Amino acid sequence: MASMAFKKVVQRLTKPVEEIDREQLTAFCDARLLSAMDAVHPRERVRVGGEVRSVRIVPRAGAPALEVTVSDGRGAVVGVFLGRRKIAGLSPGRRVAFEGVTARDGKRLLVFNPIYELLA
C-alpha cells in the first residue's frame with residue numbers, strides 16, 4: 001500500500017504542470033456535462049465550455065466582432081460575438097460555457113453569437 005501511494009506522489013511531482021492543468025480542466029468540463037471539443041462537428045448544436053484562452057476584437061464585414069477562444073483541454077472553440085467590442089466577465093482565465101450551432105472557418109470551429117454562461 002505504501003509503495004502505491006509513493007508511486008502516485010512521484011508521478012504527481014514529475015508530471016508537467018500543463019498536463020495537470022489540462023486534466024483538471026477536462027474533469028471540470030466533464031462534471032458539468034459539456035460536450036468534448038474534440039468530438040464537436042460543424043453544423044450541430046452544442047454546449048461546450050472551458051477556460052477562456054484569448055479575447056480579441058476583429059473586423060467582420062466592416063463591423064467589430066469579439067472573438068473569445070475557449071479550450072477544454074482537448075480542443076478549442078471560438079465564440080464570435082458580432083457587433084460587440086467587450087463583454088463584461090469574459091476575460092482570459094475565466095471559465096465559461098457556450099451554447100449554439102458550430103461553423104467551420106478553416107481549421108477553427110466557431111459559434112456565432114452563442115448563449116454564454118459564466119461558470120465558477
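How many Å apart are the mean positions of the positive and negative charges of the protein? I looked this up before anything else, keeping in mind that the model is predicted, and I found that the mean positions of the 21 positive and 13 negative charges are 3 Å apart.

**Entry: overall layout**

I then went through the secondary structure and noted two helices and six strands, which run from the N terminus in the order α-α-β-β-β-β-β-β. For the extent of the protein I took the box filled by its C-alpha atoms, roughly 65 × 25 × 25 Å along the principal axes. Of the 120 residues, 33% are buried, and the protein exposes about 7500 Å², of which carbon and sulfur atoms supply 56%. I also checked the contacts with a separation of 6 or more, and residues 24 or more positions apart account for 51% of them.

**Entry: helix 2**

I asked what span helix 2, residues 17-31, should have, and how this compares with the distance between its end C-alpha atoms. At 1.5 Å a residue, its 15 residues should span 21 Å, and the end C-alpha atoms are 21 Å apart, so the two values agree. The buried residues of this helix are I20, L25, T26, F28 and C29, and I noted that their cover includes helix 1 (2-14), strand 1 (45-60), strand 2 (63-71) and strand 4. After helix 2 comes L33, for which I recorded a positive phi, near 55°.

**Entry: T102**

Strand 4, one of the elements covering helix 2, spans residues 95-105 and holds T102. Leaving aside neighbours within four places in sequence, I listed the contacts of T102 as V40, H41, P42, R43, E44, V46, L109, L110 and V111.

**Entry: L82**

For L82, which I located in strand 3 (residues 76-82), the relative accessibility is 41%, so this residue counts as partly exposed, a class that lies between the 20% limit for buried and the 50% limit for exposed. With its neighbours within four places in sequence again left aside, L82 is in contact with R60, P64, A65, F112 and N113. One of these partners, P64, is 18 residues away along the chain, and I noted that its C-alpha atom and that of L82 are separated by 6.6 Å.

Definitions and conventions
Residues are numbered from 1 along each chain as its sequence is written. This is a predicted model: local features need pLDDT of at least 70, side-chain atom pairs count only at pLDDT 80 or more; totals for chains, interfaces and linings use all residues. Side-chain values use heavy atoms; hydrogens and water are left out. Helices (H or I, at least four residues) and strands (E, at least two) are DSSP runs, numbered from the N terminus. Buried means under 20% relative accessible area, exposed over 50%, partly exposed in between (1.4 Å probe, protein chains only). Contact means heavy atoms within 4.5 Å. Accessible areas come from the Shrake-Rupley method with a 1.4 Å probe; for residues, only the protein chains shown count as cover. Lys and Arg count as positive and Asp and Glu as negative; His and the chain ends are not counted. The place of a charge is taken as NZ of Lys, CZ of Arg, CG of Asp or CD of Glu. The expected span of a helix is 1.5 Å times one less than its number of residues.
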